[in-house]
Amino acid sequence: MMSKKWNIMFMLVTIFALAGCASTTSITGGESSTPAASAAPSTTKPAGGTTVLDEIKSRGKVVVGVKYDTKLFGLKNPTGGEVEGFDIDIAKALAKEILGDEKKIELKEVTSKTRIPMLDNKEIDMIVATMTITEERKKQVEFSQVYFKAGQSLLVKKGSPIKSVADVKKGTKVLAVKGATSVANIKAKSPDATILEFDNYQDAFSALKAGQGDTLTTDNAILYGMMEQDKNFEVVGEPFTDEPYGIAMKKGETTLQAAVNEGLKKLESSGQYAKIYEKWIGKAPSN
């Protein structure tokens, strides 16, 4: 009689134990492959499985990182407070292509140093800020097709003995901007020169005007803007690098990348790109 009673109790304990295991497995996933497989996509997609392009269309506004200190490309007008330039007009034109209205855009200031971190932190949707396409940067962001071709040059005070990059030697103080490809390029071309890095182009140009350096180096398109600001300075020598600019998006956002490329193609075929180029650069774009 006692043995039968213990058998019944043992069976009840076993049933409850199995039920408990089943409950734990259903919550945690246990060793089952099904719950793990369904959870995996959340690590590769934004919340809800949406893309940045979806988010842009949902909020009805595209947030673009642009320069505020680069004449001809992105410069904040001290009088009206508006940011103006080639990159600004391209960004607005793309907003119109994506959302149907160029006013559906928010511009946020970036520098060469802050632009990728701001993109990664989702403070901006894309970067339109004189950003050179490089193999190293392709590991960090998705780039559009090339939308502007530039080349690195030197800006000096008129009458300077520096006429080309060959004159940048030991003892020459070269001013550049943190995070820009121009720093590595000039170090490679003139390894014995002294490089002084600044947070933005206006600070670097102010330092050049104050005599803190002998030359300032970056893309020639940016230097031409500085030359317009102060006719006492000039761009010298031939460009010594190729600097193809691209619009950058967060890594993996290929849907937005495709939309931007399609927009750029439409701007080119419609002739609007050429109008924007001539407005800011002063000549027709070369093929």
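# Cavity, pocket and sheets in a predicted model

Helix α7 (181-189) and strand β12 (215-219) each supply at least two residues of the lining of the largest cavity. The model is predicted. Its largest pocket has a volume of about 680 Å³, and the largest cavity holds about 60 Å³ of space. Two open sheets are described below, one in the order β5-β1-β6-β15-β7 and one in the order β11-β10-β12-β9-β13.

**Largest cavity**

- The structure holds one cavity of 30 Å³ or more.
- The largest cavity is lined by 13 residues, and the closest to its centre are Thr130, Ala180, Thr181, Tyr201 and Asp219.
- Its lining comprises three nonpolar, six polar and four charged residues.

**Sheet containing β12**

- Five strands make up this open sheet, in the order β11-β10-β12-β9-β13, with mixed pairing.
- The edges are taken by β11 (194-198) and β13 (233-236); each has a single partner strand, so one side of each is left without a neighbour in the sheet.
- On average, neighbouring strands of this sheet are turned by 30 degrees against each other, direction ignored.
- Strand β9 (residues 152-157) runs antiparallel to β13, and four bridges join the two.
- Val156 has Glu234 as its bridge partner in β13.

**Largest pocket**

- The volume of the largest pocket is about 680 Å³.
- Of the 25 residues in its lining, Lys149, Tyr273, Tyr277, Pro285 and Ser286 are the closest to the centre.
- At least two lining residues come from each of β8 (148-150), α9 (220-229), α10 (254-270) and α11 (272-281).
- By class, the lining of the largest pocket has 17 nonpolar, four polar and four charged residues.

**Packing of α11 against α4**

- Helix α11, one of the elements that supply the pocket lining, has an axis that comes within 9 Å of the axis of α4 (residues 86-99), and the two cross at roughly 160 degrees.
- Angles over 145 degrees count as roughly antiparallel, so α4 is roughly antiparallel to α11.
- The crossing of α4 and α11 is right-handed.

**Sheet containing β6 and β15**

- This open sheet has five strands in the order β5-β1-β6-β15-β7, and its pairing is mixed.
- Strands β5 (105-109) and β7 (141-143) stand at the edges with a single partner strand each, so one side of each is left without a neighbour in the sheet.
- Within the sheet, β6 (residues 126-127) and β15 (residues 248-250) pair in the antiparallel sense over two bridges.
- Met126 stands opposite Met249 in β15.

Terms used
Residues numbered from 1 in each chain as written. Predicted model: local features only at pLDDT ≥ 70, side-chain atom pairs only at ≥ 80, totals over all residues. Heavy atoms only, no water. 1 Å grid on protein atoms, 1.4 Å probe; cavity = no way out; pocket = protein on both sides within 12 Å on 5 of 7 lines; lining within 4 Å. Points joined across faces, edges and corners; volume = space filled by probe spheres on them. Nonpolar A, V, L, I, M, F, W, Y, C, P; charged D, E, K, R; others polar. Pairing = 2+ DSSP bridges. Axes fitted to C-alpha atoms, helices over the stretch in contact; angles between N-to-C directions. Parallel < 35°, antiparallel > 145°, perpendicular 65-115°, else oblique. Left-handed = near helix turned anticlockwise from the far one by under 90°.
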